[in-house]
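Dear colleague,

I am passing on the structure that follows, together with some notes on what turned up in it. Please read the notes with the coordinates open beside you.

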Amino acid sequence: MTPVRSVALAGNPNVGKTTLFNALTGANQKVANYPGVTVERKSGRLRGAPAGHDAVEVVDLPGTYSLAPASADERVAFDALTGRLAGEAPPDVVVVVADATNLERNLYLVTQVLDLGRPTLVALNMSDAAHDAGITVDVPALAERLGVPVVPTSARRGEGIDALREAILHPPPPARGVAWTLMPTVEPAVGALADALPPDVPLARRRFEAIGALTSDALLDLHRGTPFAGAVTDARHALAEARTPYTMAETMGRYGWISPVVADVVARHTPADQRSVSDRVDAVVTHRVWGPLLFGLVLLLIFQAVFSWAVPAMDAIEWIVGAAGAGVRAAMPDGVLEDLVVEGALTGVGNVLVFLPQILLLFFFLGLMEDTGYMARTAFIMDRAMRRVGLSGASVVPMLSAYACAIPGIMAARTLADERDRIITIMVVPLQGCSARLPVYVLFIAAFLPAGALFGVVGYQALAMTGLYVLGTVMAFVAAWVLRRFVFKGEGSGFVMELPPYRLPQPRYLFRRMVDRAKVFVTRAGTIIFALSIGLWVLASYPKTPPPPALAVAVEQAATPAEADAARAAVASFQVRESYIGRFGHALEPVMRPLGFDWKISAGIVASFAAREVIVSALATLYSAGADADETSVSLRDAIKADRYPDGRPVFTPLVAASLLVFFVFALQCMSTLAIARRELNSWRWPVVMWAYMMALAYGSSLLVYQGGRLLGWG
Amino acid sequence: MTLDALAPGARATVTGFATDAPPARLLEMGLLPGTAVEVVRLAPLGDPMDLRVRGFHLSLRRAEAAHVVVEPA
């Protein structure tokens with residue numbers, strides 16, 4: 001027999017499969033409690049294989065309840081196990097991880113995998129939890145019934161790992177499947193279909209494939225256009241004609257075999273109706289009053305963390321990037337290369353890294369919610385409310401994540417099993433007020449609203465800020481409703497979701513996963529933001545027009561350092577005006593004028609297409625407020641308020657500021673969001689629609705605000 | 001009667017489906033004719049339902065539960 005080279009771990013979600021994977025490989029991967037969270041192919045090298053043995057690759061397949069795939073990630077598991085993945089041989093050994101505390105449902109997948117006819121092992125995981133719950137499984141009896149080795153493990157405690165490794169290295173012969181019986185009315189049809197399959201399907205798997213194609217549309221689709229597909233369709237018609245419930249044939253047959261086996265091999269030492277710890281926790285967490293209250297508190301905590309605790313770290317990152325820029329300026333000779341490094345590259349890196357603290361904190365809380373099992377409860381609590389607006393309970397977490405940044409929000413939408421729910425969620429997530437909008441909000445609110453407080457309690461500025469966030473969220477709900485009503489009509493695939501038992505999180509894995517996800521953000525979004533920052537720098541720096549003599553002379557004749565700075569800022573302002581960005585701004589001005597925007601604001605909007613907060617630094621340059629001005633700089637605020645059109649009218653009135661703020665609430669000024677949406681949806685179609693509808697919303701709303709305001713005489 | 005009509009705490013046995021094509025996921029999760037089911041609780045807004053089926057918790061919208069015919073225990 002050839003030595004084992006590859007092992008696949010299969011299993012239901014929430015059975016500790018990934019923890020087992022970590023124990024076998026030493027790699028640190030995702031452990032989660034929320035159904036369907038492992039999406040990508042995760043592999044590692046089996047630890048502790050004897051010297052001289054070939055390397056054994058262990059693959060952690062996405063969690064799946066069944067081999068009739070209902071979602072993209074379940075499809076991956078199915079394809080991997082049946083050898084349908086392009087460029088990948090089927091695994092030499094399959095380890096099905098089954099939860100000892102929930103054996104009955106877990107055996108459904110086990111019996112399906114056994115029917116594939118590959119060398120198969122069952123890892124009976126969570127043995128410790130089963131013991132604590134008073135459940136004993138007669139392991140030898142179970143192994144005998146299944147016809148394959150069963151290894152009890154506790155991945156959390158590292159128990160049974162050595163035995164499992166030994167079993168993997170010395171695998172059993174190909175599994176023969178268990179003798180479950182199909183309902184007699186369906187059996188003849190399955191026999192005929194198994195014979196009708198193409199000759200390349202191995203004999204051991206023909207029956208499995210025939211049943212799958214008969215009962216699952218997803219599996220029938222694999223054979224689309226073949227004579228076999230025609231035979232299946234005919235068989236379905238004949239069975240439906242005879243009123244045979246053939247869609248239930250496989251589940252009825254398998255559970256018909258499983259239930260008596262479980263009754264024989266599982267013994268419970270506690271009364272079945274005794275409430276577990278998990279049940280008692282749920283009595284509070286999903287309580288009519290305490291449940292939503294607790295959820296609100298959790299949200300408050302996350303917001304507090306993302307908006308306040310992250311600030312010192314963000315300030316530190318900005319300081320370091322600034323210091324690095326000053327260092328480079330001191331070390332490099334003046335010139336184009338120096339400008340490229342400091343204003344293009346370093347600014348680009350800074351634009352990415354500054355979000356890292358918020359993203360790490362957010363991922364920490366999301367990971368905690370997933371690992372404890374609370375995430376599934378938030379979906380349970382919120383489903384009814386979210387469904388009113390065309391979303392699903394599982395959309396809550398992506399929507400919340402997006403308050404920090406749309407990128408983790410879009411990535412979190414992977415947990416939605418229904419494809420239409422997932423697309424709708426991704427489409428509306430960028431309307432949530434993300435942290436990149438914050439600098440824009442701060443600048444204009446501070447410039448145009450008094451610092452006073454309504455009734456002496458709620459500050460006007462805080463009120464305005466909250467209003468902008470509410471506006472974004474309300475519009476996200478409206479957009480979801482419209483998409484559900486007119487584009488993705490009808491109910492989704494439903495909400496058949498497991499509420500997994502609560503479990504204590506494992507800090508080591510929680511931390512590792514937080515870092516892994518942050519890496520994805522930095523590499524995927526970071527490269528794009530970085531490239532765009534350099535591109536924008538080019539657009540804002542070229543063509544380099546020599547300053548008019550008066551300005552050049554002012555720089556040379558400056559008497560004090562302050563005068564020199566002011567003169568240099570005036571030169572920079574002049575050059576940006578003459579740059580490509582400045583020209584874009586002028587070209588766009590006629591289109592933007594109905595919104596109240598002059599060419600400088602238009603240029604700022606063009607510049608901020610890469611990332612919203614760029615408009616602040618773009619305006620700072622255009623207003624010669626100095627290169628280091630930010631949204632809290634008084635100099636920039638004053639420059640904005642002092643700006644006048646040639647006829648003496650102010651460029652920025654409170655109405656213009658309101659119009660601009662509304663524009664930034666709705667416009668999708670973020671390349672990274674588009675890039676991530678493209679990656680998650682695997683097509684440019686929806687990202688383009690997303691950008692267009694948000695731009696239309698932004699333009700329309702700003703137009704309404706500005707022109708409406710003028711009609712009311714506020715202009 | 002159908003599953004959605006059961007009050008929290010009620011137990012019943014599934015007898016069939018009020019639709020020709022019950023959702024596959026429901027069947028795979030083991031909610032089949034003959035299966036014992038208990039309504040543990042409803043979500044705070046009354047929907048979805050938290051059910052105990054074959055020893056684990058399954059969440060189901062009432063609209064979906066309306067397709068499941070049960071015989072109260």
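The expected span of a helix is taken as 1.5 Å times one less than its number of residues. Please keep in mind throughout that this is a predicted model. By that rule the 13 residues of helix H25 (residues 580–592) of chain A should span 18 Å, and because its end C-alpha atoms are 17 Å apart, the two values agree.

As for the setting, chain A holds 31 helices and 11 strands, and 47% of its 715 residues are buried. Its C-alpha atoms fill a box of roughly 95 × 60 × 55 Å along the principal axes.

Some backbone details deserve a look as well. The peptide bond from Tyr542(A) to Pro543(A) is cis, with omega near -10°, and Pro543(A) sits in the loop between helix H22 (507–541) and helix H23 (549–556) of chain A. In chain B, a cis peptide bond joins Asp47(B) and Pro48(B), with omega about -5°, in a loop where Pro48(B) lies between strand S2 (36–42) and strand S3 (49–53).

Asn14(A), although not a glycine, has a positive phi of about 65°; it is found in the loop between strand S1 (6–11) and helix H1 (17–25) of chain A, and it counts as buried because it has 27 C-beta neighbours inside 10 Å. Met126(A), also not a glycine, has a positive phi near 65°, and Met126(A) counts as buried with 31 C-beta neighbours inside 10 Å.

Key
Residues numbered from 1 in each chain as written. Chains lettered and ligands numbered in written order. Predicted model: local features only at pLDDT ≥ 70, side-chain atom pairs only at ≥ 80, totals over all residues. Helix = DSSP H or I, 4+ residues; strand = E, 2+ residues; numbered from the N terminus. Buried ≥ 20, exposed ≤ 12 C-beta atoms within 10 Å, placed from the backbone.
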